[in-house]
Amino acid sequence: MAVTSTMIALGTPAPDFSLPDVASGAAVSLSDFTGDGLLVMFICNHCPYVRHLQQGLVDLSRDYEDSSLDMVGIASNDPAMYPDDAPERLAETANRLGYRFPLLFDETQDVARAYSAVCTPDFFLFDRDHLLVYRGQFDSSRPGNGLPVSGDDLRAAIDALLAGRPIDSEQRPSMGCSIKWRES
């Protein structure tokens, strides 16, 4: 069932994290990102909404690779219930698609909770001080709606941030599959 992002308050500080990169196993922390902006993306392998825009994520990471924008993906789904979202499978996808950002595994799901992430994909753009400036959709494309994947909404926010311009506070929530929480 599709859910929409929670749209937490702009200006919220990025919660700290230290998580393993699915490809290298190396720990990656919030403090590792020192650019003018940081895009935190909650993504996975199995969700049709994420699969729909995977090439768009590759294009976005390629297009901003030489900018001062840092990007990181975080996968928080329960791999016991969704084996496609296990770290090894995530690493295979990241390598096959050529993600140009680290993809981290949130085994405890504490990071997803700290960010108030509820769906995949869920996007959070922070400024150089790691304060939230955008939380919303990649673009208006959804599986089956016929609109091309462009990343227009997110790209507009990134471009404004990097250019030092105000970011439109009128932001549309992301939509996707709910994060698959572990059963207690």
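This is a predicted model: local features need pLDDT of at least 70, side-chain atom pairs count only at pLDDT 80 or more; totals for chains, interfaces and linings use all residues.
User: Ok, the core. Which residues touch the most other members of the largest nonpolar core?
Analyst: Leu39, Tyr99 and Leu125, out of 34 residues in that core. A nonpolar core here is a set of buried Ala, Val, Leu, Ile, Met, Phe, Trp, Tyr and Cys residues joined through side-chain atoms within 4.5 Å. Buried means under 20% relative accessible area, exposed means over 50%, and partly exposed is in between, with a 1.4 Å probe and protein chains only.

User: Which helices and strands each supply at least two residues of it?
Analyst: The strands are S4 (37-42), S5 (69-75), S6 (103-105), S8 (122-127) and S9 (132-136), and the helices are H1 (48-63), H2 (87-97) and H4 (152-163). H1 gives the most, with 6 residues. Helices (H or I, at least four residues) and strands (E, at least two) are DSSP runs numbered from the N terminus.

User: What does Leu39 contact, leaving aside neighbours within four places in sequence?
Analyst: Its contacts (heavy atoms within 4.5 Å) include Leu60, Met71, Val72, Phe123, Leu125, Leu154 and Ile158. There's also a second, separate core of 21 residues, with Ala14, Leu19, Val40 and Phe126 among them.

User: Leu60 came up there. Buried or exposed?
Analyst: Leu60 is buried, because its relative accessible area is 0%. It lies in helix H1 and, beyond its sequence neighbours within four places, is in contact with Leu39, Met71, Phe138, Leu154, Arg155 and Ile158. Leu60 and Ser150 are 90 residues apart in sequence, yet 9.1 Å apart in space, C-alpha to C-alpha.

User: Where is the kink in H1 centred?
Analyst: On Gln54, with a kink of about 45°. The bend at a residue is the angle between axes fitted to the seven residues ending there and the seven starting there. Gln54 is itself buried, and so are Leu53, Gly56 and Leu57, among others in H1.

User: How far does H1 reach, end to end?
Analyst: Its 16 residues reach 24 Å from first C-alpha to last, close to the 22 Å expected at 1.5 Å a residue. That expected span is 1.5 Å times one less than the number of residues.

User: Switching to charges. How many salt bridges does the structure hold?
Analyst: It holds 9, where a salt bridge is a side-chain nitrogen of Lys or Arg within 4 Å of a carboxyl oxygen of Asp or Glu. Arg89 is in two of these: with Asp84, closest N and O atoms 3.0 Å apart, and with Glu92, at 3.5 Å. Glu92 and Arg89 both lie in H2, 3 residues apart, about one turn of the helix.

User: Which pair links distant parts of the chain?
Analyst: Asp153 and Arg172, with closest N and O atoms 3.5 Å apart. Asp153 is in H4 and Arg172 is in the loop between H4 and strand S10 (175-178), 19 residues apart. Arg172 counts as exposed because its relative accessible area is 52%. Salt bridges that share partners also join Asp59, Arg62, Asp63 and Arg155 into one network.

User: And the open sheet of 3 strands, what's its order?
Analyst: S1-S10-S7, with antiparallel pairing. S1 and S7 are the edge strands, each pairing on one side only. S1 and S10 pair over 3 bridges; two strands count as paired if DSSP finds at least two bridges between them. Thr4 stands opposite Met175 in S10.

User: Last one: which residues does a cis peptide bond join?
Analyst: Thr120 and Pro121, with omega about 0°. Pro121 sits in the loop between strand S7 (119-120) and S8. Ser116 has phi near 60°, in the loop between helix H3 (110-115) and S7.

Note on methods
Residues are numbered from 1 along each chain as its sequence is written. Side-chain values use heavy atoms; hydrogens and water are left out.
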